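Work through the exercises below with the sequence and the 3D view open. Try each task before you read its solution.

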Amino acid sequence: MKVTEHIENANGKPLFSFEILPPLKGQNIQSIFDSIDPLMEFQPPFIDVTYHREEYEYKELPSGLLEKKIVKKRPGTVGICSAIQNKYQVDAIPHILCGGFTKEDTENFLIDLDFLGIQNVVALRGDAVKNETYFKPEKEGNHYASELVSQITSLNQGIYLDDELQNSSATNFCIGVAGYPEKHMEAPSLDSDIYFLKQKIKNGASYIITQMFFDNKKFFDFVAKCRKEGITVPIIPGLKPIATKKQLNLVPHRFKVDIPDELIMAVVRAADSEAVKQIGIEWCIQQSKELLQAGIPVLHYYSMGKAENIKAIAKAVF
């Protein structure tokens with residue numbers, strides 16, 4: 001079922017969803033099931049599965065020269081999605097990126113998903129690889145998420161890259177895209193970011209999932225700006241509880257989001273790691289309750305493969 005259909009069929013009942021990471025290469029899929037099992041009591045209608053593009057490593061040869069090696073540290077997104085749908089009978093939503101894909105790679109990826117009965121995707125540009133300052137698309141790939149959305153929409157209309165295909169079958173994907181309440185780190189302003197977000201919706205996206213935020217006012221202001229610009233699709237808030245003191249520096253640096261002073265000081269003054277985790281849980285519970293009181297239809301949690309704190313939040317909220 002499509003995400004938009006899940007929201008419509010809920011008839012106002014708030015929905016719980018979450019995102020997981022594929023395990024590191026060499027690990028068993030049981031680690032994924034172990035992170036999902038504790039959360040199934042909250043009846044998530046869908047689970048997102050991230051996609052991790054290749055990374056470059058340099059290996060020194062006996063000659064002293066460096067050899068560039070391409071590695072994928074977290075493969076398996078498609079297989080995990082299929083396993084989730086088979087085991088739990090819930091919709092699995094793979095992320096699909098511009099980075100690392102040609103348009104033909106993207107088309108083949110989508111064909112595989114369609115054959116597996118996967119009806120939802122989240123279309124993202126993706127980040128630059130670690131040794132590059134700026135994102136570089138593949139030579140024959142999509143440059144922006146809006147272009148990726150257009151390609152998926154074309155496939156939904158039965159339009160493939162090979163325009164000589166006869167009687168081609170149309171896919172039926174519901175397309176989600178990312179929104180940034182505090183703007184994308186590369187955007188010059190929030191207004192310009194929303195301008196390009198609107199383009200993704202115009203090209204065929206059906207819903208938005210936001211980057212994490214820790215101040216609900218930023219989310220409410222973002223939604224108001226989107227609505228003012230004529231964006232009417234569901235906007236699903238993405239939430240993540242702070243779990244360690246290290247994240248006070250890591251999260252703003254990595255994701256370019258602000259952490260309220262009240263939360264910062266509570267974490268700084270925490271006696272130990274368990275106290276930090278509890279502060280993060282309580283803050284996220286209050287965020288969640290306020291969002292639901294405002295009529296937000298779905299709350300989406302970034303679990304990062306850790307179920308314990310997300311379960312504590314869901315128990316208090318749903």
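The model is predicted: local features need pLDDT of at least 70, side-chain atom pairs count only at pLDDT 80 or more, and totals for chains, interfaces and linings use all residues. Residues are numbered from 1 along each chain as its sequence is written, and side-chain values use heavy atoms, with hydrogens and water left out.

**Exercise 1.** Describe how H7 and H10 pack.

Solution. 
- Find helix H7 (residues 216-228) and helix H10 (residues 273-293).
- Take the angle: about 30°, with the axes 10 Å apart.
- Classify it: H7 and H10 are therefore roughly parallel (angles under 35 degrees count as such).
- List the contacts (heavy atoms within 4.5 Å): Asn216, Phe219 and Phe220 of H7 meet Gln287, Glu290 and Leu291 of H10.
- Sort these residues: three are nonpolar, two polar and one charged.

**Exercise 2.** Which residues of helix H11 are buried, and what covers them?

Solution. 
- Pick out the buried residues (under 20% relative accessible area, 1.4 Å probe, protein chains only) of H11, residues 308-317: Asn309, Ile310, Ile313, Ala314 and Val317.
- Look down the axis of H11: its buried residues fall within an arc of 135°, so they line one face.
- Turn to the face away from the buried side: Glu308 and Lys315 are exposed there (over 50%).
- Identify the cover: it includes strand S1 (15-20), H10 and strand S10 (298-302).

**Exercise 3.** Is Thr153 buried or exposed?

Solution. 
- Locate Thr153 in helix H5 (residues 145-156).
- Read its relative accessible area: 16%, so Thr153 is buried.
- Check its neighbours: Thr153 touches Ile175, Asn203 and Gly204, not counting residues up to four places away in sequence.

Conventions
Axes fitted to C-alpha atoms, helices over the stretch in contact; angles between N-to-C directions. Helix = DSSP H or I, 4+ residues; strand = E, 2+ residues; numbered from the N terminus. Parallel < 35°, antiparallel > 145°, perpendicular 65-115°, else oblique. Nonpolar A, V, L, I, M, F, W, Y, C, P; charged D, E, K, R; others polar. Arc of directions from axis to C-beta.
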